[in-house]
Amino acid sequence: MKTIKFTVLVSLSFILFACNVKKEKEKSVSQFQVELLSSPNVAKLSDIVKNTLVLLPTSDSLLINEINRIHSSTNHIYVSDVSSVYQFTRDGEFVKKLNKQGEGPNEYLNISDFFVDKGDNIWILSRTAKKLYQYSADNELLKSISLDVWAQNISPLGNDILLYTGNETNSANMQLHLLDIATGTIKKSYKAIKEKQAEYLHVKGNNVFRKISDKECCFSQLFNDTIYNVASDSISVAHTFDWDGHNIPESFYDKGFSNIMEFFQEFHSNGQYAYGINFFSETDDEYWVSYYFQRQCFCSILSKKDGTQTIFTDFLIDNLDDYPIKLSDVSTFVQNDGTIIIPVDAMNVKEYLKERHVDSQRIPDDSNPYLLILDLKG
């Protein structure tokens with residue numbers, strides 16, 4: 001691991017990206033200057049964070065495709081692929097499955113995102129159908145809302161739901177939209193879309209939203225160096241990151257790329273820019289932030305106590321015989337409590353253990369993934 005010093009600057013200035021919001025709340029903005037590494041750095045997981053591994057059960061009726069979202073509560077973990085939402089206990093015991101994929105009146109075409117509300121109802125976003133569905137704990141359809149925007153991510157906010165459309169053009173020309181559940185209409189929109197970026201920059205992330213409270217939500221984007229706090233009447237800057245002077249200048253985005261491939265080709269040919277935010281989490285003692293630099297995914301742990309920074313690109317899972325993970329190769333899902341959950345391919349682990357002549361029989365053939373749970377609060 002690499003441990004270095006980092007700088008935190010505090011400013012009382014703020015940036016307003018809201019629509020129809022007359023006055024923004026003034027909050028202190030943490031501005032982090034993060035030192036970068038240009039080569040891989042390996043960490044042993046137990047040296048940096050308390051973690052547990054949960055192997056999800058497998059059966060003929062319980063085969064999970066590629067995981068696209070994970071949400072946890074005090075007692076359960078919910079996992080979704082494109083067709084189903086699976087509920088497990090925190091220990092990995094299977095509870096039930098919601099699968100209503102289809103074209104019928106009570107069905108959804110696919111699952112783009114979901115969340116579980118206080119009544120244990122499951123809200124499912126189907127971007128393809130431009131619809132939002134609410135299912136009861138008994139898997140009965142309670143509500144269906146047609147959307148006017150192509151949403152990719154959702155989050156509850158008070159009695160409403162936040163929709164994230166990214167740079168997909170819409171009538172409001174905004175990226176964030178507050179949906180009134182009662183009426184099924186958008187009552188506020190935030191953060192303007194930049195016209196040139198709308199032509200090519202449509203990269204979405206797993207960790208757009210993290211609930212802070214019933215009235216406030218943390219919001220971040222992959223090609224943005226800023227963490228925002230969103231309330232029903234405002235959006236404000238909470239944190240900004242300086243990647244050691246390697247941030248992408250605004251002029252680079254405005255060159256008029258025709259598609260995302262052209263954008264990345266020029267971006268990588270330059271080789272000097274870093275970008276984030278892949279994921280962000282905060283505890284009483286640390287900030288965890290992930291970003292990309294020179295085709296590698298990094299995680300920096302910023303200590304609030306002594307000003308040190310720990311950086312890694314790869315880590316070893318101790319209780320799987322030091323099974324290696326590259327951050328660039330896995331999906332990470334930050335939970336509302338700050339926990340990070342990472343799906344780990346169990347069949348790849350099984351092959352790794354076989355090659356090292358370690359007992360691999362504990363992993364069934366055609367097994368569902370492990371869930372690696374990082375407890376940042378320890």
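Me: How do strand 15 and strand 16 pair, parallel or antiparallel?
Reply: Strand 15 (residues 160-164) and strand 16 (residues 174-180) are antiparallel, with five bridges. Strands here are DSSP runs of E with at least two residues, numbered from the N terminus, and two strands count as paired if DSSP finds at least two bridges between them. This is a predicted model, where local features need pLDDT of at least 70, side-chain atom pairs count only at pLDDT 80 or more, and totals for chains, interfaces and linings use all residues. Residues are numbered from 1 along each chain as its sequence is written, and side-chain values use heavy atoms, leaving out hydrogens and water.

Me: Which residue stands opposite Tyr 164?
Reply: Leu 176, in strand 16.

Me: What sheet are they in, and which strands are at the edges?
Reply: An open sheet of four strands, ordered 14-15-16-17 with antiparallel pairing. Strand 14 (153-157) and strand 17 (185-192) are the edges, each pairing on one side only.

Me: New topic: is strand 23 mostly covered or uncovered?
Reply: Mostly covered: seven of the eight residues in strand 23 (residues 286-293) are buried, meaning under 20% relative accessible area with a 1.4 Å probe, protein chains only.

Me: What does strand 23 pair with?
Reply: Strand 22 (residues 274-282) pairs with strand 23 in the antiparallel sense over six bridges, with Val 289 as the bridge partner of Phe 280. Strand 24 (residues 296-303) also runs antiparallel to strand 23, joined by eight bridges, and there Trp 288 stands opposite Ile 301.

Me: How many residues sit between the strands in those hairpins?
Reply: Three between strand 22 and strand 23. The hairpin of strand 23 and strand 24 has two, and Gln 294 takes a positive phi near 50° there.

How values were computed:
Buried means under 20% relative accessible area, exposed over 50%, partly exposed in between (1.4 Å probe, protein chains only).
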